[in-house]
Amino acid sequence: MDRTFYFVGIAFFGMINGLFSPLMPVAYVFSTALMAEPLFGSQAAIFYFASLMLSTATVILGGIPAAIYERVKGAEDSTTVSLFIWLAATALLTVPAVGSFLQFGL
């Protein structure tokens, strides 16, 4: 499988978890406290910033097992196995958001 498909899948799971995560209210409160002034109090912009924070956190946390695998294996570059581990970990982190995603009807 081409490496690009792994990256697209990782980004897809990160996006789904960012938009539909059960942690969105918590991220929204933190984003409101931190970004109300820089984003001029725009509620939509604050919501998307919170979504971006959750998406980024999902991709980073999903990459930790893959990085540990690469470190143990001694690989200098990502292999298909480490990309699959990254994709699987990101998918597992997205499981709580899947119910909201499917209920939304996309």
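Hi everyone, let's start with handedness: helices H2 and H3 make a right-handed crossing, meaning that the near helix is turned clockwise from the far one, by less than a right angle. This is a predicted model, where local features need pLDDT of at least 70 and side-chain atom pairs count only at pLDDT 80 or more, while totals for chains, interfaces and linings use all residues. Numbering runs from 1 along each chain as its sequence is written, and side-chain values use heavy atoms, with hydrogens and water left out.

H2 covers residues 24–35 and H3 covers residues 43–73; helices here are DSSP runs of H or I, at least four residues, numbered from the N terminus. Their axes come within 8 Å and cross at roughly 120°, with lines fitted to C-alpha atoms over the stretch in contact and angles from 0 to 180 degrees between N-to-C directions. So H2 is oblique to H3 (under 35 degrees is roughly parallel, over 145 roughly antiparallel, 65 to 115 roughly perpendicular, the rest oblique).

On to H4, residues 80–104: its axis comes within 8 Å of the H3 axis, crossing at roughly 145°. That crossing is right-handed too. Contact (heavy atoms within 4.5 Å) involves residues including Gly62, Gly63 and Tyr69 of H3, and Trp86 and Ala89 of H4.

Where does H4 bend? At Pro96, by about 60°, taken between axes fitted to the seven residues ending there and the seven starting there. Thanks, all!

Key. Helix = DSSP H or I, 4+ residues; strand = E, 2+ residues; numbered from the N terminus.
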